Amino acid sequence: MAIVVALAGSPSAKSRSSGLLKRGIELLVESGVTVQQFSLTDFVAEDLIYGRFDSPAVQAFNNAVKHADGLLIASPVYKAAYSGGLKTLIDLLPEHGLAGKVALNLATGGSAAFTLSLDHALLPVLNSLKIKFQVGGVFATDRDVAWQVDGSFHVAPDTEERLRLAINSFVSYLPHPLSAELAPGRLVEQIRQGRISV
Ligand SMILES: Cc1cc2nc3c(=O)[nH]c(=O)nc-3n(C[C@H](O)[C@H](O)[C@H](O)COP(=O)(O)O)c2cc1C
């Protein structure tokens, strides 16, 4: 079963990008993906600012990322990029820490003029950590998403549709639940057992 780490990169308590992430997680779970959730607010600010790699919370995050197949990252647009807090956490990932993994980013911002901010700002960072592939991200303006008084999160229909398409694409790059690793020494046996397709 595929494992995805979902990371909420907003420092806000009532965060729109975290709401969008929540909806993305629901869609992932419906697709049979196991999701491990983290939020910037899980971490002690000093650990992030002072680069404490040995912080137990940071180590738990790094360990989860190490064993995940994909990363679903949400952030508000801050000054035409992602949040600074998110960068402080990404900085604590080990070198090549995203090797072989797939990523999808979700962003919310005040203006549609900033639609591609995360794609532009985050991709070079993920590439430097040797990400395998980034699926095209989803951006919503503050008019498209909102927390309701009853605690539910509203996503405008066209944003929901774009999110659905992006999550489907993301899932298609994750390991299929029935896929098996090809083991050259056991190839004939694996084909006989029907555990791989060629
Ligand atoms: C410090 C700061 C910088 C921001 N910079 C931008 C920006 O450059 N472009 C934009 O469209 N919105 C900007 N915004 C608005 C937020 O991106 C927007 O309200 C977002 O939905 C907040 O997400 P959150 O609730 O998850 O924190 C900024 C907000 C703050 C607080």
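Let me begin with a definition: in what follows, Ala, Val, Leu, Ile, Met, Phe, Trp, Tyr, Cys and Pro count as nonpolar, Asp, Glu, Lys and Arg count as charged, and the others, Gly among them, count as polar. With those classes, the shell around the ligand in this predicted model has five nonpolar, eight polar and three charged residues.

Altogether 16 residues surround the ligand, and the closest of them are Ser10, Ser15, Ser17, Val77 and Asp142. Turning to individual atom pairs, the side chain of serine 10 has an N or O atom 2.7 Å from an oxygen atom of the ligand, while for alanine 80 a polar backbone atom is 3.0 Å from a ligand oxygen, and for serine 111 a backbone N or O atom lies 3.0 Å from an oxygen atom of the ligand. As for the area, the ligand taken alone exposes 650 Å², of which the protein buries 73%. Two elements, α1 (16-30) and β4 (102-109), are those that give two or more residues to the shell around the ligand.

Let me now move to valine 33, which sits in the loop between α1 and β2 (34-39). Is this residue buried or exposed? Valine 33 is buried, because its relative accessible area is 6%, and the cut-off for that term is under 20%. Setting aside the neighbours within four places in sequence, valine 33 is in contact with Ala2, Val4, Leu28, Val171 and Leu174.

Key
Residues numbered from 1 in each chain as written. Predicted model: local features only at pLDDT ≥ 70, side-chain atom pairs only at ≥ 80, totals over all residues. Heavy atoms only, no water. Near = heavy atom within 4 Å. Polar contact = N/O pair within 3.5 Å; in protein donor to acceptor, adjacent residues only side chain to side chain. Areas by Shrake-Rupley, 256 points an atom, 1.4 Å probe, with all protein chains shown as cover. Helix = DSSP H or I, 4+ residues; strand = E, 2+ residues; numbered from the N terminus. Buried < 20%, exposed > 50% of the residue type's maximum accessible area, 1.4 Å probe, protein only. Contact = heavy atoms within 4.5 Å.
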